[in-house]
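Grab a pencil and work through these exercises with the model open beside you. Try each task before you read its solution.

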Amino acid sequence: MRIAFGADHAGYELKEVLARRAVELGHQVLDLGTSSTASVDYPDFGFAVGQAVASGRADRGVVACGTGIGIAIAANRVPGSRAGVATDLFSAQLMREHNDANVLALGARVTAVPLAMAILETFLNTPFAGGRHQRRVDKLDGPPPRDQGESG
């Protein structure tokens, strides 16, 4: 699998550790930056990873910032990129099984490295369940749903 990695300055060190782990697991890594702990803007890197995954340059993406939240928002700005923040193994499993998430977001300031490595492996090894979940994922990639609450 080809995995795009991106991070801001807060997530840089975690990105480096996780990218090395991905190589150890036999995956190809596309490193989209940043390349140091010097201050940068997380949207640039989340968007770049989202584009790489949505365009097919990468099969999956992994992004990291302080909490994972901001960079996930940035990755989700790209149509076809489905990013989620995982803080535990169950979330990583379900984001793949139910949501077909293709970008994993992690918070370097809130997730210990051993847990982040286990989350990465769960994310990479869990297949999408399809079935009843497919129509929901199709809605994520399509136009916004109609307003179901108000009539007239």
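**Exercise 1.** Is Pro-43 buried, partly exposed or exposed?

*Solution.* This is a predicted model, so keep in mind that you're reading computed values.
- Step 1: find the residue. Pro-43 sits in helix H2, which covers residues 42–55.
- Step 2: look up its relative accessibility, which is 37%.
- Step 3: compare with the cut-offs. Buried means under 20% and exposed means over 50%, with partly exposed in between. Pro-43 therefore counts as partly exposed.

**Exercise 2.** Now do His-133: is it buried or exposed, and what is it in contact with?

*Solution.* 
- Step 1: His-133 belongs to helix H6, residues 132–141.
- Step 2: its relative accessibility is 6%. The cut-off for buried is under 20%, so His-133 counts as buried.
- Step 3: skip the neighbours within four places in sequence, and the contacts of His-133 are Glu-97, His-98 and Phe-128.

**Exercise 3.** How do H4 and H5 pack against each other?

*Solution.* 
- Step 1: you need two numbers, since a pair of packed helices is described by the angle between their axes and the distance between the axes.
- Step 2: for H4 and H5 the angle is about 20 degrees, and the axes are 8 Å apart.
- Step 3: angles under 35 degrees count as roughly parallel, so that's the label for H4 and H5. Their crossing is right-handed.
- Step 4: list who meets whom. From H4 come Leu-89, Ala-92, Gln-93, Met-95 and Arg-96, and from H5 come Ala-118, Ile-119, Thr-122 and Phe-123. Sorted by class, this contact has six nonpolar, two polar and one charged residues.

**Exercise 4.** Which elements give two or more residues to the largest nonpolar core?

*Solution.* 
- Step 1: start with the core itself. The largest one has 20 residues, and Phe-5, Leu-18, Val-62, Leu-104 and Leu-106 have the most contacts inside it.
- Step 2: name the elements. They are strands S1 (2–7), S3 (60–65) and S5 (103–107), plus helices H1 (12–24), H4 (89–97) and H5 (113–125). H5 gives the largest share, five residues.
- Step 3: zoom in on Val-62. Apart from neighbours within four places in sequence, Val-62 touches Ile-3, Ala-4, Phe-5, Gly-6, Leu-18, Val-49, Leu-104 and Leu-120.
- Step 4: A second, separate core has 15 residues, including Ala-58, Ile-71, Ala-72 and Ala-75.

Conventions: Residues are numbered from 1 along each chain as its sequence is written. This is a predicted model: local features need pLDDT of at least 70, side-chain atom pairs count only at pLDDT 80 or more; totals for chains, interfaces and linings use all residues. Side-chain values use heavy atoms; hydrogens and water are left out. A nonpolar core is a set of buried Ala, Val, Leu, Ile, Met, Phe, Trp, Tyr and Cys residues joined through side-chain atoms within 4.5 Å. Buried means under 20% relative accessible area, exposed over 50%, partly exposed in between (1.4 Å probe, protein chains only). Helices (H or I, at least four residues) and strands (E, at least two) are DSSP runs, numbered from the N terminus. Contact means heavy atoms within 4.5 Å. Axes are lines fitted to C-alpha atoms, for helices over the stretch in contact, and angles run from 0 to 180 degrees between N-to-C directions. Angles under 35 degrees count as roughly parallel, over 145 as roughly antiparallel, 65 to 115 as roughly perpendicular and the rest as oblique. A crossing is left-handed if the near helix is turned anticlockwise from the far one by less than a right angle, and right-handed if clockwise. Ala, Val, Leu, Ile, Met, Phe, Trp, Tyr, Cys and Pro count as nonpolar, Asp, Glu, Lys and Arg as charged, and the others, Gly among them, as polar.
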